[in-house]
Structures are given as C-alpha cells and as structure tokens.
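Morning, everyone. Structure on screen, please.

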Amino acid sequence: MDPMAAIRETFFQECEEQLSELEGGLMRMETGETDQETVNAVFRAVHSIKGGAGAFGLEDLVRFAHVFETTLDQVRAGRLDPSASTMRLMLRASDALADLVRCAREGTMPDEAQTTSLAAALKALTNDGMAEGIGAEDDDDGLGDLNFLPLAVAVEQETMPDAGWVITFRPLAALYANANEAALLLREVGMLGPVSVTVDTSSLPDFGDLDPEGAYLTWTIMLQTDCDEAAIRAAFEFVEDDCDLVISRAADRPAEAGLVQVRPDEDAAGVVADVRVLDGDEAAPASSFADIPSDADVLAIIRKAQESVSAPHDDRPVAVGGGAVAPVAAQSRPEARGGTDGPASRSDSGAAVGATIRVDLDRVDRLIDLVGELVINEAMLSQRVMEAGLARASGVAAALDELEHLTREIQDSVMAIRAQPVRSVFQRMPRLVREVAAMTGKQVRLLTDGEGTEVDKTVIERIADPLTHMIRNAIDHGLEPTEARVAAGKPEEGVVKLTALHRSGRIVIEVADDGAGIDRERVKAKAIEKGLIAPDAQLNDEETDNLIFLPGFSTASTVSDISGRGVGMDVVRRSVQSLGGRISIASRPGAGSTFTLSLPLTLAVLDGMVVSVAGHTLIVPLSAIIETLQPQAATVHTLGMDARVVAMRGRYIPLVDVSVALGYRDAPLDADKSVALLVEGEGGVRAVLIVDAIQGQRQVVIKSLEANYRAVPGIAAATVMGDGRVALILDVDAIVSVTRTERLRGDGLRAEPTLSQAG
Amino acid sequence: MTRRTRIAKSNGKSIGKMKIRLDPVLDIKAAAPLYALLSSRRGGDLAIDASAVERIGGQCLQVLLAARARWEADQRRFLIEGFSPDVIATLRLMGIEPAAFDHRRETDA
C-alpha cells in the first residue's frame with residue numbers, strides 16, 4: 001500500500017476508536033458523569049480527530065471538530081453547564097463528526113446543512129446565542145469570549161504554593177518537522193497551572209544564516225502547580241526525543257521580574273480558569289489553527305502508521321511456531337486496550353500504549369488458518385497413532401498428549417488475538433437509537449451492560465446488522481407511542497436495554513424493551529391472513545411469538561400497523577443462524593419483550609459430537625446437546641402419518657431422523673435401534689435426533705461450506721477430520737425447526753436439496 | 001513535500017511604501033516562504049500587516065525575530081502591526097511581547 005494511504009487509513013482507524021470513546025464519554029456525561037476525567041476524555045477524542053484531520057488537510061472535519069472542541073472546552077472549564085439539552089446537542093455533534101469522518105474516508109460530500117446547523121448551535125452555547133455559519137469568514141470570532149479579560153485581582157507570587165517548577169524546553173528541528181509545535185507544548189504545560197514564560201533568543205543566528213526550518217529558541221517556563229514531574233513530562237511525551245528538556249524544582253528560584261505572567265483570577269479555582277483562558281486564547285484562531293493543536297496525537301498516528309508501513313508487508317503466511325507468532329500473540333491481546341481507558345489515559349499510561357501493536361488483520365487471519373491446519377494435523381496424527389495400536393502409556397502417546405495440549409494453547413492464544421469487547425458494536429447503537437427515536441417521535445433511553453464482553457472479531461462484525469435491526473424494531477414496533485405509554489401508566493421515555501454476557505461458552509446478547517409486548521392476537525391474525533398458518537392452528541404463546549420469524553410474515557407494508565414486532569425478523573434469524581447462533585423471544589403483554597441471541601464466541605472452532613449417519617460422519621455442536629440416550633420402543637409414539645415423538649419425563653419430544661431429514665435415507669430408522677441425542681434449538685425448542693452411532697467428542701476447525709461449496713440447508717459448516725475426510729457440521733436449529741414447520745406448514749427439510757453431493 | 005508558497009501578499013510598489021500582508025497560518029510550512037520573502041526585502045524599510053494572522057508557530061517566530069534583529073542592525077524600519085488579540089496571546093505564551101516587532105520609534109526617530 002502507498003505509505004501515505006496507509007498513514008491515512010491508520011488515521012481513520014484511530015478516528016473510529018476516538019469516535020467510540022467520544023460517544024461513550026458523552027453518553028456517560030449525559031447520565032451525569034461529568035467528572036474531569038470523563039470530560040477530558042471526550043475533549044481529547046475530538047482534539048485528536050481534529051489534529052489528525054488537520055494533518056491530512058480535511059478542512060471540513062477540522063472546522064467542525066474545532067467548534068465542537070471549543071464547546072467541550074467550555075464544559076471542561078466549568079463555563080458551560082452540561083445540561084441535558086447541551087448533551088443532546090453534543091451527541092448530535094458527535095454523530096455529525098462521525099459523518100464527517102466517514103465522508104472524508106469515502107471521499108464523499110458531507111451534509112453541509114447539518115454540520116453548519118450543528119456548528120451554529122454549538123457556537124450559540126459558547127457565545128451566548130451568537131450563532132454563526134461554520135464556513136463564515138470570521139469563524140473564529142465565536143471564540144472571542146476566550147480572550148484575555150482584565151482581571152482585577154492578582155495573586156501575589158509569595159502566596160503561591162511552594163510547588164513550582166522550572167522547565168527549560170529547547171525544541172530540536174525534528175520536533176517541528178514531526179508536525180509538533182512549541183506553542184502547543186507551552187500550552188499543554190499551561191494547563192497544569194499558571195505559567196510565566198521567557199524565551200532565549202541568544203542562539204538565533206543572523207538573519208542571513210538562518211535556516212527557517214531550524215530550531216534556535218529555548219523557552220524557560222515557570223510553572224506553579226502541585227503536579228509531579230511525571231505530569232509535566234507527560235505534556236512532552238510525544239516529543240521527548242525531539243527536544244532538550246530539563247525540569248527542576250523552583251523552590252529556591254525567586255520569581256523573575258519581567259516575565260510574561262498569565263494573570264490569575266481571584267481564587268484558586270480562578271487560577272486554573274485563567275490558564276484555560278490562555279488555552280483558549282491560543283486555540284482561538286484555530287479553525288485553521290486546528291492542524292497544530294493535536295500535534296502529539298498526529299505524531300502518534302503517523303508513528304503508528306509508519307510502524308505498520310515500514311514493517312514487511314508480506315501477506316505470505318507467517319510460520320506457526322516461528323518467531324513471528326510470539327510477538328503477535330504476546331503483545332496484541334485486545335483486552336490490553338480495553339477497560340475504561342480512554343484517549344485521556346494515553347498520555348499518562350505510556351507503558352500501556354507500548355504494550356499493543358497494530359497488526360494487519362490478514363496476517364492474523366492467516367495465522368488462525370494455519371493454527372486451524374495445525375489442529376487438524378494434530379488430530380490426524382492422533383488418529384494414526386491410535387490406529388497403530390500404541391499403548392496410551394507409550395512415549396509416543398504421551399508426546400501426542402503434550403502436542404494436543406500445546407496445540408490447544410496455541411489455538412486459544414491465537415483466538416484471543418481476535419477477541420474484542422462487544423463495545424465497538426454497542427457503541428454504534430446510541431446513534432441508531434437517537435435516529436430512530438427522532439423518526440418515530442418516541443422518547444427512548446438506551447441502557448447497555450456488558451460492553452466489555454469479548455467475542456471473536458468475526459462474530460462482532462456480523463452481529464452488528466442483526467442487532468441494528470432488533471434495536472430498530474424494539475423502538476419502532478416494541479415501544480408504544482408516548483401517548484400510549486402515558487395512558488398505560490408508564491414513563492414517557494421508553495427503555496431499550498442491550499446486554500451482553502458469557503454463558504456456557506457462548507455469548508448471549510439480549511435486546512429488551514419495556515414496550516407493550518407482542519400483540520399475539522394480531523400476530524396470529526396476520527399469519528392466518530398471510531396463509532402462514534391454518535385458521536384453526538392451535539399455537540401456544542411461544543409458537544405465536546415465533547411466527548414473526550417466518551419469511552413472508554414480516555414486510556414493512558404488512559406489519560407496519562401491528563403494534564408488535566415483525567419487520568425483518570426472518571432476516572435477523574437467518575443472520576444469527578448463519579453465525580451458528582440462536583435467537584429466542586420472551587414477551588409479556590404490556591411489559592415488553594426480550595430478544596435473546598446466543599452466539600458462539602468464535603466462528604473458527606467448535607466442540608462437537610462426532611456421529612455416524614447413513615455412512616456419513618457428521619458433527620453435532622456440543623453446545624446444542626443436552627444428553628444422549630437410547631430410546632426404548634415403548635417410549636416412541638407415532639403421530640399422524642410419520643411424525644414421531646419420544647416420551648421423556650412426562651413430555652413428548654419430537655423425534656427427527658437425521659438421515660431422513662438430510663435426505664440420506666428415505667425410510668426412518670427404528671428409534672430403538674439407533675442412538676439419540678436430545679438437543680435444544682433456538683427458543684429452547686427441543687428435539688431428539690436419531691443417528692446411527694456416536695463416535696466421540698472432538699474439537700473441530702470450522703470451514704465454511706458456503707464459501708467452499710454452497711449453502712446447504714440443515715448443515716452449518718464443514719470440517720476436516722483426522723483421517724483427512726470432510727465432515728459436515730449439523731445445523732441443529734434447522735433440524736429442530738423441522739418439527740415446528742411440519743406442524744405449522746406441513747413441509748420440512750425433506751423438500752430441500754439433499755447432501756448427497758456434499759458428502 | 002510541496003511547500004505552501006502563498007505566504008504573504010504585497011500591495012505596494014516601492015519598498016518604502018510596500019506593506020506585506022501575512023497569511024493566516026504561519027506554521028512550519030510557511031517558514032521557508034516567509035524567510036524567502038523577507039530576504040527579498042532586505043535593505044529597505046518594511047511594514048508588515050499581521051491582521052490576518054490566525055496562528056504563528058515557533059519557526060516563523062524565529063524568522064521574524066531574526067529579521068527584526070537584522071533590520072535593526074541595518075538601521076531600517078521594521079514594523080509588524082495588527083496582531084489580533086489571539087495571536088498576541090500566543091506570542092506572549094511564547095515569551096514575546098508583540099511590541100518587540102514595532103520599531104517605528106527606533107527607526108523613525
């Protein structure tokens with residue numbers, strides 16, 4: 001890749017992270033968390049985006065970010081109350097900023113009217129109603145209130161705490177060349193406390209000998225602060241190699257006369273406020289000043305990008321077990337970046353930043369593929385050894401055990417590289433909620449929980465769409481209109497709760513609303529109207545709720561008048577199923593609905609039960625199996641023509657002959673001569689699967705059948721067994737749903753193409 | 001890297017009357033063009049309109065400080081005027097009193 005393009009791409013990746021931090025921070029502020037740390041984190045997110053955008057000449061982005069940053073600075077300085085309306089505006093500004101970033105990335109035109117309007121609204125907040133267009137020539141006039149103001153009371157030098165520092169700062173030419181700016185560093189220091197600055201020009205050569213891009217000035221900064229030296233050094237964190245910096249205590253150095261003194265305010269708080277005045281003064285001209293302020297961030301971006309660009313950009317496989325694996329596995333665990341660390345923490349946690357590296361995703365994918373091959377080869381070797389009849393106590397078997405253990409460890413470690421908190425998906429949702437709420441005229445509050453729950457990146461990428469759909473539905477169809485809520489004695493503001501947690505080796509994501517719940521009568525009536533069920537069909541609540549997942553039930557035009565759910569839920573279910581997941585509904589009339597997704601943590605490996613069916617080897621996901629059993633003839637009952645059920649503990653469980661369902665056989669086996677697996681599909685629906693024999697349990701590497709062959713109903717994926725043969729992984733939900741569809745619609749998987757070609 | 005060349009505009013004809021107007025952004029990219037422009041005006045009085053300046057960085061400040069010293073040594077007039085309050089604040093932050101760029105009294109006296 002072109003190095004500049006790579007740097008630019010890195011900037012946009014950074015932007016995504018900053019935007020997530022920004023939105024998360026604003027959301028926290030909206031709920032009252034207006035502590036300095038949160039506000040600083042939010043400020044720095046915008047500041048960083050602005051800085052990077054300036055470096056790449058993204059003027060629209062810079063301008064808007066600057067206005068936004070200025071407003072945030074007012075909050076930070078305590079001059080602007082982060083009221084609910086202010087925070088709503090800032091959240092909208094955050095959305096607009098995200099739009100501007102996206103447009104810059106895609107090279108498309110932003111919605112100028114929106115940004116202009118929002119910028120004006122932001123300025124109105126800081127300028128006491130003086131709204132201006134963003135593109136106005138006197139754009140920066142909006143920052144006029146940051147000018148120096150005559151201050152009546154000066155704090156005597158003697159009354160200053162004896163906590164001063166003397167900082168000698170001499171930039172090298174490289175500092176400027178790396179897009180840093182001395183003025184901004186002075187500003188950073190000024191944020192720590194009142195400063196007095198002198199400049200030493202003695203090294204300045206004669207004009208004729210001057211290198212205009214050289215560095216000749218040295219600044220001495222008298223800083224009054226209680227901060228420790230580390231805090232001061234943090235201000236110079238990104239330039240420490242590009243300057244001479246000496247920091248010493250000022251205890252026995254008297255205040256020097258004639259220095260440029262930042263005028264303090266009346267009290268201690270005012271002293272701080274005064275520095276912010278200075279900060280604002282410097283930043284004030286900066287709709288175009290903007291590319292300077294975040295030089296440190298720009299430098300960080302560029303350095304990171306340069307690292308990735310300068311690294312060998314070979315997409316060829318890295319050797320498993322070789323030196324290339326260890327650093328990646330050891331250093332790039334995503335959780336090191338997780339937690340509550342925001343951008344604000346970057347400057348004071350340099351070690352944490354250094355502990356992560358950015359790796360081309362292709363390399364990680366390739367590594368995972370290779371580890372998958374390793375797992376398969378280990379399985380093949382294991383099988384060969386077993387076939388050779390070696391004793392378990394033999395040295396070979398022991399070494400094989402060790403290899404298996406090691407392989408598993410490597411696999412877990414490699415998978416951990418791709419593990420990410422679901423935060424990145426969750427953080428997209430507040431905007432969605434705001435937009436849908438605005439469209440529907442409803443008041444909605446989104447609550448999230450478990451954002452730190454980790455799951456494989458592939459899963460994260462693919463759950464965004466179903467989640468988006470579900471949340472949109474929750475607001476549009478789940479929550480009642482405001483008047484209806486009030487009439488029902490509910491708060492005007494509806495609540496949508498998004499939760500993630502780990503459960504039994506899977507990730508469970510819930511989307512719950514406190515709306516009216518599914519209107520089952522109307523859903524049922526609509527299903528009858530659409531011919532999806534017989535008019536006299538007897539359905540329990542669960543079956544009725546599940547009607548909304550039926551294709552054909554839910555199109556916008558057919559369900560828009562239904563005060564339940566339905567739009568696109570068949571699509572949602574298909575998406576979830578394609579992930580190897582399940583979706584279920586729990587709805588209470590008048591109290592709301594909860595949609596629960598149960599998804600695998602990774603799409604790369606699977607713990608499965610290896611079974612034989614009509615001469616084929618199949619894998620049944622272990623997570624779906626409740627127990628194995630040997631049905632007795634007396635417990636098997638036939639219903640109608642060919643439907644069978646098994647009596648188990650007072651319940652009748654539908655029985656599915658896998659070989660028939662998949663088309664391997666025409667006639668079902670006798671249940672009492674087969675092995676059965678009690679499985680649970682989506683929504684807790686159970687079935688007994690009849691197979692010929694059970695071979696055992698094994699972890700298998702999932703290979704996409706769709707990508708390598710084609711999608712096959714009833715089959716979720718494929719894998720390669722130890723003997724080198726391909727085995728298919730059963731889609732338990734699809735198989736289980738045979739029972740339901742048979743009962744509801746009278747057809748099943750048998751009508752679908754068989755697997756004879758794929759076996 | 002392509003340097004910004006539009007650093008200042010000249011609206012006069014003779015050096016004595018010529019007034020250079022500085023561009024808004026005086027960052028590292030502007031340092032070399034600014035230096036070149038000022039170099040081309042050596043030997044004459046110089047008046048600079050800084051009213052458009054929105055930001056000034058360390059390197060352009062160096063150029064202006066060195067120029068000021070050179071013009072002073074050459075016994076020529078060197079005047080920068082019109083700094084906005086914001087830029088004045090920045091200059092003070094960098095330890096510079098804007099009045100340092102006003103040499104009318106010295107040179108006109």
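First, a term: a salt bridge here is a side-chain nitrogen of Lys or Arg within 4 Å of a carboxyl oxygen of Asp or Glu. Next, the ground rules. This is a predicted model, where local features need pLDDT of at least 70, side-chain atom pairs count only at pLDDT 80 or more, and totals for chains, interfaces and linings use all residues. Residues are numbered from 1 along each chain as its sequence is written, chains are lettered from A and ligands numbered from 1 in the order in which they are written, and side-chain values use heavy atoms, with hydrogens and water left out.

Over all chains, the search finds 37 salt bridges.

Start with A:Asp545 and A:Arg520. Their closest N and O atoms are 2.7 Å apart. A:Asp545 is in helix 20 (residues 541-546) of chain A, and A:Arg520 is in helix 19 (residues 520-529) of chain A, 25 residues apart. Helices are DSSP runs of H or I, at least four residues; strands are runs of E, at least two; both are numbered from the N terminus. Buried or exposed? Buried means under 20% relative accessible area, exposed over 50%, partly exposed in between, with a 1.4 Å probe and protein chains only. A:Asp545 is buried at 3%. A:Arg520 is buried too, at 15%.

A:Lys703 is partly exposed at 22%. A:Glu373 is partly exposed at 35%.

Third, chain B. B:Asp49 bridges to B:Arg21, closest N and O atoms 3.2 Å apart. B:Asp49 is buried at 16%, while B:Arg21 is partly exposed at 35%.

There is also a network of salt bridges, with A:Glu23, A:Asp95, A:Arg102 and A:Arg434 among its members.

Now the packing. At what angle do helix 3 and helix 4 of chain A cross? Roughly 155°, with axes within 10 Å. Axes are lines fitted to C-alpha atoms over the stretch in contact, and angles run from 0 to 180 degrees between N-to-C directions. Helix 3 and helix 4 of chain A are therefore roughly antiparallel, the label for angles over 145 degrees. Among the contact residues are A:Phe64 and A:Phe68 of helix 3 and A:Leu97 and A:Leu100 of helix 4, contact meaning heavy atoms within 4.5 Å.

Technical notes: Parallel < 35°, antiparallel > 145°, perpendicular 65-115°, else oblique.
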